[in-house]
Amino acid sequence: MGIVCAVVCVHLCVSLLAPRGSGLTAFGDLTQSALLVWATLSILSNVRTSYRKAQLFWALMAFGCGMWLCTQVLWTYFEVFLRQEVPNPFVGDVVLFLHVVPMMAALVVQPHIRQNDHSLRLVSVDFFLLLTWWLYLYLFIVIPWQYVSPNEAVYGRSFDLVYAGEQVVLIVGLGLVWRRSQGSWHSIYGQLFKAAILYSVSSILASVAIDYHQYYTGSLYDIPLVAAMAWFAVVGFMGRESSAGQPTDQEPRTHHSMWTARLAMMAVFSTPLMVAWAEFGGGAPPQVRSYRLILTVAAMVFMGALVFVKQHWMDRELLQLLHLSRQNLDEMCKLKDELENKEQSLRWHGQELQRKNLELQEISFTDALTGVWNRRYLEEILGAEAEQVLRSYARVRGGDIRKLDHRDLVFIMVDVDFFKQVNDLHGHPAGDRFLQRVAERLTKVVRKSDVLVRWGGEEFLIMSRSADPAGTPAFCERILEVVASEPFDLGHGVRVRKTCSVGWAPFPWTRSAFEALCAEETIELADTALYRAKAGGRNQGVGILPGDGAIATPHAITLDAVQDDNGVLTRTVTVKNSCGSTQPSAENLLSGICLTSDAALNRVGSRLAKAEICPGRKGPPRSSDETHEARSMMNAKTPSRKTGLIQKAQLMSASEIERTLVRLAYEIVEKNGGVEGLGLVGIRRRGVPIAERLGKIITRIENAKVPVGTLDITFYRDDLSTLGPKPVVQDKEIGFSIEDQNIVLVDDVLFTGRTTRAALDALFSHGRPRRVQLCVLIDRGHRELPVEASFVGRNVQTTMNEVIEVKLTEIDDMEKVLLMER
């Protein structure tokens with residue numbers, strides 16, 4: 001900027017001090033010519049050192065300055081060499097007018113923005129359209145008054161008007177790109193914008209002065225013009241010294257490239273308006289109107305050709321884009337297929353890895369010899385199982401624990417009696433086969449929910465989930481019977497008959513102080529009970545249960561105190577397999593339960609008020625539950641109403657049945673998401689009162705009535721298989737529509753599954769329900785059909801010689817579930 005100021009100052013001094021004459025004219029013309037040469041060369045020097053788009057930009061700017069220089073050289077030729085006044089109209093005015101168009105085209109290039117070759121081609125066509133339009137505009141407005149119908153006054157006004165409009169377009173374009181650019185290009189556009197404003201003002205002032213014959217070369221009118229020329233030269237040096245050779249990282253936005261195309265199309269569409277002006281414009285001579293009409297037609301043809309070329313390029317580019325899109329789509333589909341294949345392969349490998357991990361985990365948790373769980377598996381799950389039990393007791397802390405549904409754990413230790421003899425007499429391979437056979441028999445005894453663990457050597461541990469400690473003696477007796485029932489086939493003609501000893505303890509050990517002993521200590525207590533059974537003569541089971549002292553002084557309960565107790569904190573229940581290695585008789589089935597005879601007789605004679613289990617036990621009168629349990633044991637040999645059935649144990653009392661039904665009702669509501677569309681259908685006989693009770697409980701829970709119906713099966717009872725091999729369904733209406741309903745079939749005992757099959761056939765004869773579920777109070781196993789219950793009150797493992805009897809008040813005038821044996 002110092003150079004610009006110096007040039008302006010020198011020219012100002014000369015203009016003020018030198019008189020008007022040939023010397024001042026020569027100074028002014030040569031100074032302006034030199035400045036334009038300097039500006040053209042400085043801008044042109046950026047072409048060989050810049051980025052491709054910048055090269056085009058600088059080339060167009062240099063071309064505009066070169067046209068400006070040509071006009072100045074022609075002006076200097078007239079004034080300096082010919083020493084005559086420049087004529088008005090001046091022949092170089094058309095070049096002076098058109099030199100702004102390349103500068104506008106340079107702005108269209110926008111070198112500060114990344115652009116592909118296709119965009120550059122379209123921009124070039126738009127440039128030629130604009131150049132044609134500006135040339136057409138000059139020829140249409142100015143030239144008629146210079147050559148067709150010469151008129152100096154009209155020519156001057158027309159030139160000034162068109163030239164001013166052109167300058168305004170250039171200034172607006174520079175302002176737009178200046179505002180949207182960044183970095184060094186922002187500075188270059190800013191300097192060009194300021195120089196263009198100065199040049200526009202100075203050129204318009206000079207043109208007006210020429211029209212009024214007030215202008216002469218070297219006058220004060222040339223000072224802003226000289227400053228603008230010097231400013232353009234400085235901009236050329238700025239481009240060479242800055243880092244404007246590369247575009248910025250910003251992507252081209254749509255309106256950057258669209259405004260030039262819109263201007264070009266506006267120029268094309270303006271030609272019909274120019275035709276109207278040429279034909280009907282007032283004041284123009286006929287020859288001028290004819291000239292303008294011919295010129296407009298020629299311009300329309302030429303610009304139409306350019307539009308055709310542009311459309312051809314766009315169509316070709318569109319076809320290329322469509323072809324490229326098709327290729328990309330095919331490639332994308334191919335990649336998608338490959339990705340799906342890889343995902344499927346990865347998913348398969350993931351599933352395979354998961355399966356292998358599960359297999360490895362199961363192998364690590366499985367005893368290699370017997371195939372049952374090992375101690376590591378029990379250690380893995382014991383904490384969670386114990387915590388679940390303790391949480392269920394903590395929820396009813398301070399309430400009636402007796403009403404709590406059974407969530408207890410029972411730990412049962414099983415040890416084979418005199419196992420060492422097998423190894424000594426038949427060898428260790430035979431001993432290994434013997435342990436495998438023992439594990440197989442124990443697996444048949446335990447429920448699916450129970451956990452059978454090889455504890456070590458010939459010892460096994462059974463963790464019974466959701467167990468009722470009152471029913472554990474009967475379960476342990478079954479273990480003794482199964483092990484001693486028949487010889488073990490060890491192969492090679494070797495058959496060995498063995499017995500076992502059993503010890504058990506419940507967890508929590510006492511419900512009044514359920515946190516007194518942890519699960520690990522309860523297992524040790526069961527082990528203590530096992531050693532008492534072995535010390536008592538083997539082939540028997542011993543259970544260590546809480547006594548009255550433990551209930552009265554729960555703070556005194558510790559593992560050492562319980563193990564060393566002599567009947568104060570504990571009571572011992574003993575179960576014996578009286579026939580040893582033979583099948584036990586019905587008369588001696590429960591003779592192993594050690595009851596003091598005097599106490600038992602007193603209990604029976606005085607409404608069972610002062611019973612004592614095991615010798616030496618003393619305490620206050622029993623609770624109602626204990627009295628009921630003792631009465632059941634005293635009646636163990638009492639024959640049932642059904643001929644040949646002997647009661648072995650009571651599985652559920654009236655309160656337990658009620659609690660189980662409440663739990664089943666909650667499960668039914670939860671699984672069906674409420675009672676909407678829900679219906680209960682009881683299988684006659686005892687399934688009907690159970691369904692009615694469930695309906696009443698659900699009504700209380702949801703405050704909405706649930707329909708209850710009946711299916712009548714007369715000649716078959718699923719829990720008494722001796723009455724016939726196939727159920728017969730009596731034709732009876734259910735009592736409500738089952739179409740598109742969620743139906744829950746209700747029965748008391750699930751055995752072979754044939755009753756359920758017959759009930760399903762009968763149910764579908766009444767309509768087509770949306771879903772059918774099965775709810776049973778007792779599931780005793782031994783299925784002959786693929787039938788499973790959705791809701792089970794209790795799972796009971798039974799033998800084929802055992803029978804489950806459900807007694808309900810509505811039918812039997814009593815409320816209990818009994819385990820019977822033929």
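## Negative surface patch

E379, E380, E520, E524, D560 and D564 form a negative surface patch, where patches are made of residues with over 30% relative accessible area and no salt bridge, like charges being joined within 9 Å. Helices α13 (375-395) and α17 (519-535) each supply at least two residues of this patch, while D564 is found in the loop between α19 (559-563) and β8 (570-576). With a relative accessible area of 59%, D564 is exposed (exposed means over 50%, buried under 20%, partly exposed in between, with a 1.4 Å probe and protein chains only).

This is a predicted model, in which local features need pLDDT of at least 70 and side-chain atom pairs count only at pLDDT 80 or more, whereas totals for chains, interfaces and linings use all residues. Residues are numbered from 1 along each chain as its sequence is written, and side-chain values use heavy atoms, with hydrogens and water left out.

## Salt bridges

The whole structure holds 24 salt bridges (a side-chain nitrogen of Lys or Arg within 4 Å of a carboxyl oxygen of Asp or Glu). One of them joins R465 and E385 at 2.9 Å, N to O; because R465 lies in strand β3 (residues 459-467) and E385 in helix α13, the pair ties together parts 80 residues apart in sequence. E385 is buried, at 14% relative accessible area.

K534 forms a salt bridge with D417, the closest N and O atoms being 3.9 Å apart, and both residues are buried. Salt bridges that share partners join D415, D417, K534 and R538 into one network. Within it, D415 and K534 have their closest N and O atoms 2.4 Å apart, and this pair links strand β1 (residues 408-416) with helix α17 across 119 residues.

Terms used. Patches are made of residues with over 30% relative accessible area and no salt bridge: like charges are joined within 9 Å, nonpolar side chains (Val, Leu, Ile, Met, Phe, Trp, Tyr) within 5 Å. Accessible areas come from the Shrake-Rupley method with a 1.4 Å probe; for residues, only the protein chains shown count as cover. Lys and Arg count as positive and Asp and Glu as negative; His and the chain ends are not counted. The place of a charge is taken as NZ of Lys, CZ of Arg, CG of Asp or CD of Glu. Helices (H or I, at least four residues) and strands (E, at least two) are DSSP runs, numbered from the N terminus.
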